[in-house]
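Reader: I have a model open and would like to go through it with you. Can we take it piece by piece?

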Amino acid sequence: PQHKYLRLFFFFFLEAVQEALKKLDVHVSMPVVADIVSRSTETAIFQDTKFVKYSMLTRLVKQKNEKTEEPHSPAKYISDSDIGEIEKLFEDEFNIYVDQIPSRMDITNAINNDEIIGMWAKNSLAGFLWFERNGRTSIIRYWCVAPDCRDKKIGSGLLRTYLSICSDSLRHLLWVKDTNENAIKRYNHYGYSADGTFDLIFVK
């Protein structure tokens, strides 16, 4: 199901954020989510508003190195027949305010553009990784493993496959929740590190 809420994005110019929030229609009936993308974690601009801090994401970056990435794992590109299972994973494993859940059209377009890879177990989708490329930069949008398939090297297989597919990228980016220590350790293992950019998420 598609969840209705208003999402606002602010990039770096924090001095303009508070003024913009004051102009926001206070009678908006649906939830309002504000993303503040900045190199600061300062939240004072929300002190006089009804917004509360909901989550924070940290951006990680991996620069291209001379080491050859490992060969492809059994991961392969997702097809239209897998859309239902992907939607189920989004519904069960992602947060509507933090993760910006894609529509079915978004998923279909990504499949057609060869941007989603998956791995299967017992004829069911065990996990998927959705990525995009912009010039010589690639970014992981979503990386998910079904709960009953974790600790079975599904996640690492997906990540290795992605790095192999995008081995010509000079820079790899992703966003991760700052409280997800397990994921951060895994990313660090593959050469990712924080670049000092944050996405502070507030909800009203």
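Author: Fine. This is a predicted model. S138 is a place to start, and S138 lies in strand 7.

Reader: Is S138 buried or exposed?

Author: S138 has a relative accessible area of 0%, so S138 is buried.

Reader: What is S138 in contact with, leaving aside its neighbours within four places in sequence?

Author: The contacts of S138 beyond those neighbours are E132, R133, Y162, C166, S169, R171, H172 and L173.

Reader: Step back a bit. How many helices and strands are in the protein chain?

Author: The protein chain has five helices and nine strands. Starting at the N terminus, the order of elements is β-α-β-β-β-α-α-β-β-β-α-β-α-β.

Reader: And what share of the residues is buried?

Author: Of the 204 residues in the protein chain, 44% are buried.

Reader: What about contacts between residues 24 or more positions apart?

Author: Taking contacts in the protein chain with a separation of 6 or more, 75% are between residues 24 or more positions apart.

Reader: Helix 2 next. Which of its residues are buried?

Author: Helix 2 covers residues 83-93, and its buried residues are I83, I86, L89 and F90. Viewed down the axis of helix 2, these buried residues fall within an arc of 125°, so they line one face of the helix.

Reader: Changing topic. What is the phi of D151?

Author: Phi of D151 is near 65°, which is positive, and D151 is not a glycine. K153 also has a positive phi, of about 65°, and is not a glycine either.

Reader: Why bring that up?

Author: Because most residues other than glycine have a negative phi.

Reader: Where are D151 and K153?

Author: D151 is in the loop between strand 7 and helix 4. K153 is found in that loop too.

Reader: Buried or exposed, for D151 and K153?

Author: D151 counts as exposed, because its relative accessibility is 73%. K153 is exposed as well, with a relative accessible area of 69%.

Reader: And G155, where is that found?

Author: G155 is in helix 4, residues 154-165. G155 has 12% relative accessibility, and under 20% counts as buried, so G155 is buried.

Reader: What is G155 in contact with, leaving aside its neighbours within four places?

Author: W143 and V145. F128 is 27 residues from G155 in sequence, and the two C-alpha atoms are 8.1 Å apart in space.

Reader: On to S193. Where is it found?

Author: S193 is in strand 9, which covers residues 193-203. With 38% relative accessibility, S193 counts as partly exposed.

Reader: What does S193 touch, not counting residues up to four places away?

Author: S193 touches R59, L60, V61 and N188. V61 is 132 residues from S193 along the chain, and their C-alpha atoms are separated by 5.5 Å.

Reader: Last one, I184. Which element is it in?

Author: I184 is in helix 5, residues 181-189. I184 counts as partly exposed, at 22% relative accessibility.

Notes: Residues are numbered from 1 along each chain as its sequence is written. This is a predicted model: local features need pLDDT of at least 70, side-chain atom pairs count only at pLDDT 80 or more; totals for chains, interfaces and linings use all residues. Side-chain values use heavy atoms; hydrogens and water are left out. Buried means under 20% relative accessible area, exposed over 50%, partly exposed in between (1.4 Å probe, protein chains only). Helices (H or I, at least four residues) and strands (E, at least two) are DSSP runs, numbered from the N terminus. The arc is that of the directions from the helix axis to the C-beta atoms. Contact means heavy atoms within 4.5 Å.
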